[in-house]
Amino acid sequence: MNFFIEVVLNGLMAGVMYSLVALGFVLIFKASGVFNFAQGVMALFAALTLVGFMDEFGMPVWLAIAGTILVMIALAWLIERLMLRHLVNQDPIILFMATIGLAYVLEGLGDILWGSDVKLLDIGIPHGASDYMLDTFDIYIDKLEIFAAVTAAVMVAVLALFFQKTRTGRALRAVADDHQAALSVGISLRTIWIIVWSVSGVVALVAGIMWGSKSGVQFSLSLIALKALPVLILGGFTSVPGAIIGGLIIGVGEKVAEVYVGPMVGGAIENWFAYMLALAFLLFRPQGLFGERIIERV
Amino acid sequence: MTINGASSEILLKVEDVSLAFGGIKALDSVSFDTRKGEILAIIGPNGAGKSSMLNVINGFYHPQQGTITYKGQTRKQMRPYQAASQGIARTFQNIALFKGMSTLDNIMTGRNLKMKTNLFWQALYIGPARAEELKNREAVEKIIDFLDIQAIRQKAVGKLPYGLQKRVELGRALAAEPDLLLLDEPMAGMNSEEKEDMSRFIIDVNMEYGTTIILIEHDMSVVMDISDRVVVLDYGRHIADGEPHEIRANKEVIDAYLGVSHE
Amino acid sequence: MFYRETGQYKTTYSADQALFPIAQDRYVIYAVLFGTFVVVPMVANEYWINAILLPFLIYSLAALGLNILTGYCGQVSLGTGGFMAVGAFSVYKLMVAFPELGFITLVLISGLITAAVGTFFGLPSLRIKGFYLAVATLASQFFLVWLFNKVGWFVNYNATGMITSPPMTIFGVLITGPSAPPAAKYLLCASIVAISALAAKNLARGRLGRNWMAIRDMDIAAELIGVRPLRAKLSAFAVSSFFIGMAGALYFAVWLGSAEPTEAFDINQSFLVLFMIIIGGLGSVLGSFLGAAFLVLLPILLKNILVDGFGTNIALAAHIEIMTIGVLIIAFLIIEPHGLARLWRIAKEKLRLWPFPY
Amino acid sequence: MSDSDKQQDLDTFPKLLQHNATRFANVPSIREKEYGIWQTWTWAEAAEEIKAFANGLATHGFGRGDKLFIIGSNRPRMYWAMCAAQSLGGIPVPTYQDAVVEELTYVVDHAEVKYAIAEDQEQVDKLLQVNELGASIEMIIYDDSRGLGDYDAEYIFSFENIQASGVEFCNKSPTFFEDQIALGSGDDVAVLLYTSGTTGQPKGVILSHAGLIFGSERVATLESLTEKDSVMAYLPMAWVVDHFLCYTLAYCAAYCVCCPENQDTLLQDKKEIGPSFHFTSPRVLEAQRTDILTRMEDAAGIKRKLFNYFIDHASRVGISIHSGEKVSLIDRLLYFLGEIYAYGPLRNNLGYSKTRITWTAGEAIGPDMFDFYRSIGINLKQVYGQTEAGPFLTAHQSGGVRSDTVGVPLADVDVKIDEHGEVIFRSPGAFREYYKDPEATRKSKNADGWILTGDAGLFDHDGQLKIIDRIKDVGTMSNGSLFAPKFIENKLKFFAHILEVVTFGDQRDRVTALINIDLVAVGSWAERRNIAYASYQDLASRPEVYSMVQESIEQVNIDLSRDESLANSQITRFVILHKELDADDGELTRTRKVRRRIIHERYAELIEALYNPEISRIQVETDVVFEDGRKGIISGNLKIRDVKIFQTTQKTG
């Protein structure tokens, strides 16, 4: 039984990580309708930059993080300036393709700037088994994962506040609901896009830090984006809570399946299991967990 | 056949139909008949449930209550393609053409149900598939000639002026050789000359092909001119039906609709 | 300018609906066919065939398949790599089990098997649309690759997990394996691709093609004129997968000779083919070829310039290459989101109207 | 069959039909773009259709001397109906399809029409109105049944219906049709054509089979027309030129007549067919040239400049090259490049690539206009004639094409200039008389059988005829010098932005002009300059437009000043009219010739103002008929502008 709880808890922790990446997707999709395939690579790029600042330039952690945030904001500005601006009013699939192109660019750029070897990322997040959990409940959980869960919770709370309480946040929500309306109240779509991409750049940085601290910074980090996709279809492309809860469901489902079903079929099913889970779910609720039901009008 | 070529035979019977979205009642226990061969207009203010009524008739919406009897068969639910295969065709309030295709291909798509050959023959484009394409092209050309749109045959529909798009859409509906044609505001946004043309086409369709037509239209003079009978809806309720001159004299209708100057 | 169409009138529908109703287009096609089947085999060397022509043809076939699904029917799929794997593993198993059926038959059967698998994975398309569907198709990509990795039967329990194509002949000429003459491989692929392109064009201009486009352009209206959405979408999945499966079979059996599922059919294959149809042009048979040519040639060109021209080290060159492809794709989407085929169409329209601007 | 036999046997068009149906059974006789493709009938098939229809007509009592009124656009059945009527000894009376009810009523009454064939519902409606006005058409046959389903008048029949009864009749009397044709002779009346006439009521011109066959055979020989040729049928069927080109000449040469799908697709249809023989009017050529230049204005810079360069080059050497004169190698090379870059594609897009010969007539054509088309490789020739001549008198011979002449008389046609300077002729092809109008007939034929054309002309040193103007229009100015309005007008009309000009000067001391701008050309010009305008009237009153027109007039003045005899005809003042001259208002004929007398009447006040230096603005009100037949008034406050005139330069000739 403890083992099961351990598996579930581990799943939840992994799920939190997925949620973080998914969150970046949702932010951008909600505000601009862009399915940003480069979200995973953005996390990789952020982590690479952070490591680069610390290792190559010897910056202290806080400075490196601040620097990376600036880089991510600059990146958002560049993306708007060089790419999005020129693709206004194009089909969603065109924008989607452009973000795949962006993923290629960021991947190449990251590698050229910081090298493609595996790097360690250590910004002082505690590691190792949580003694408290081990002693009290006889459950093995890495402290890093607890830390990640807490950070994610804080991020979500901050984002929620940002959306609810700040003028910019409300503007963002307005854009998500109706581009025309937002424009008519004098909010520049371009500003909105820069903000949104910056925010999701920061979210990517957090995700990058968490994953990087856990398993090093390397190309495979960008693949977690693929893991986040089933989270999206499960939670709905436009729902922040959906991203969180979807992430948790996927995380748990995946770990449980890997442990209990995997051995029966040869293992390594986590690559696709999440997709199958999401897909099976979609057949019953095509709009996802929290997506709005589409009433088709003619 | 005369203008009032409608027989007494009932083609479509709408009985006690109600439809609601969430809490909003779009249709509230609506009943009326459509006789074979007639032009029936549904009028009413915006939001009266006119489009919803058409959507119920061709199976796009499923009413919570009530029945539709079409060609003597009563049904509660059907898919739109089933309605199509039973000879119900329609046009849309906001033109729903296939924007990436030419006028010809749009109307050819309307022939879909008349075509049967399988994928294999189509891939080879020989034998039955080719014969079928050519035969249906001929039928489509009759429609193009009928609607006088020869000059735009090969043009992509997305770039056509509004009035012509409406005409192409009518062509696409006609291509299915429907028994019942539903027209959702066929003259919306047209100038008076285009309206006149469109009225002519509608009357000609009714006369030449004997097609029964149910149409929604806001322009009262057009409605009174071309329809054999009029059904009036208001807030989802059926408030009157009858011949145009009766409707014009109906007090309730005047209060609910005609009296309101919405133009 | 060179399109002199005066005097080209049609007295029958069959002439009017011909594949290339304009005489000048027909001449171009004849020239292309002559070049493909007569000139190229005579002049192309082994490097050209193996490094450029075979991948071009095979990717063209895959792009043709994906274009039917995505370009004509509007269903975005990211599962191309997985379906190519199905084709590859099908043809491998068939070559081992039924070599007597002949290679072409086996490729066709592999296509059919892939069509069946593709249809199955297309089932969700009834309920889910757009990006939800795109993501859902990733499920097939990951699942299929995993399947071929994990189930030993597919690789005939080869410990390395590799499959290697056994030698096969057509009319006594060897066409698989390293010792097969490149020209034979080329001609085989070119023939299959040419016939497939013809079939695709026929489908696209017929009832099925119109129904696909109807679903793509306005699915509600399509249904209301009697197009059954599921049937139309599944037929697109089936036809698409059929072509992709054949492409996978040729990819493995004729071009690579041996393959390992994770490497050869990973998600980047899916993206690559998707890029091809976007850059080439959605909903255009010609576009599939143009896109494939562009993305097959581009890396070779970049590599030649960077490594051979500037002496850049190979790792750095690889990064620059990835970045350049990314930049080019974005630039392309900004400049001409409808792809090379659209550019061609515009140019052709200009030539037809020459000297008038409109 | 020897030639003399042929002359005797084939003296009517129905006989020619029978002849073609055996000789060229499988050669296309007529095509029509319908239902998206070119539906084609061979001579044998056409003969069958005609036979069925003729037999059907016979069952309804149509007989010798009966007239068949024909109204509609160019469609195979309309042409077949002509031959069917002729087979039975009847007389087709084709009419302008855009004629209004009053015009129709006159003709129907005058020609005592009992049978009519109408293209569609619109025309049937008109005929029904004609009957309501008291005419007595006893039978109306329609081609296109669309919308006619509920017409219950019992004398309305469909074409198919008539043909069906014809087929039935034929079973009973299988040789009736052939017997009737055999009864015909060359002296029979072939057709009754009402000339629109620039003055007064239309006159019915009677042309005989023999006369028309004479004219057709001369032309077929001149241009070597055979069954391999083709022609577009797009001119009004009531116009003698269409009747000649698409019927009489088509039957003689056995070439193929091609009917467009409708007016909107005419250009596309012409491009598809690429007729080998084509007839076009100066007005169409003008409009087309305007269109070419306007569209090229929008082309990208280099493309446009190159195009202009090559067009200039063609205007320098094109005609010399085409007439085989000596041209330097460099110029030839440049012309060759121009052929690839501009001329060839241009001809292709205008549908001239396959056209061996293009005829133009109906009005004088500006020499510059004429040269423009010839220089880009279109074999344009001028011909001259009139309905009464059946219809052509002179034509350019190959190798003798000049922009300022209308060629030499056709074989066996006598043309000369009488003592008043008027062109008169004698020809076996000439009309017999005006129907029921001996007075008019007498007026137009002099005692020796010479027929007056009403045109002033002169023979050139090499025997080519030059037409100056309508004799009644040629005037003298108060100082005694010659005033030839059309000559000046054509010079002005060469400018793309000027659509129509009427000049005044007869019995005056100065010449003034009334201008119509070309809405398409000037509209696009205005758009490029960001000049907003609401309507034709608005655009016409723009000072920018006035200045542009003024410049053009001054250029013409410079041109005129070079010739001593014309220097006095320089235009001194002009006004841009607030409306377009319109056939519906009677200002133009249906073939769009200016009706001077009417213009003089309607705009008398305006014309006076043109001669009153005190007045520079004038308020004008004009009655107009709108497209839907309603009448109304268009009024405008018009500006009158003065134009610079130039001293006669010493050079003359």
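This is a predicted model: local features need pLDDT of at least 70, side-chain atom pairs count only at pLDDT 80 or more; totals for chains, interfaces and linings use all residues.
Residues are numbered from 1 along each chain as its sequence is written, chains are lettered from A and ligands numbered from 1 in the order in which they are written, and side-chain values use heavy atoms, leaving out hydrogens and water.

Let's start where two chains meet. Helix α4 (residues 92-114) of chain A packs against helix α12 (residues 267-280) of chain C at an angle of about 125°, with axes 11 Å apart. Axes here are lines fitted to C-alpha atoms, for helices over the stretch in contact, and angles run from 0 to 180 degrees between N-to-C directions. The helices α4(A) and α12(C) are therefore oblique to each other. Which residues of α4(A) and α12(C) make the contact (heavy atoms within 4.5 Å)? From α4(A) come Ile93(A), Phe96(A), Met97(A), Ile100(A), Gly101(A) and Tyr104(A), and from α12(C) come Asn268(C), Phe271(C), Leu274(C), Phe275(C) and Ile278(C).

Now turn to chain D, whose pLDDT (the predictor's confidence in each residue, from 0 to 100) averages 90. Its helix α11 (residues 266-273) has six of its eight residues buried, meaning under 20% relative accessible area with a 1.4 Å probe, protein chains only. Among them are Leu266(D) and Ile273(D). Just after α11(D), Gly274(D) takes a positive phi of about 60°.

Note on methods
Buried means under 20% relative accessible area, exposed over 50%, partly exposed in between (1.4 Å probe, protein chains only). Helices (H or I, at least four residues) and strands (E, at least two) are DSSP runs, numbered from the N terminus. Angles under 35 degrees count as roughly parallel, over 145 as roughly antiparallel, 65 to 115 as roughly perpendicular and the rest as oblique. Contact means heavy atoms within 4.5 Å.
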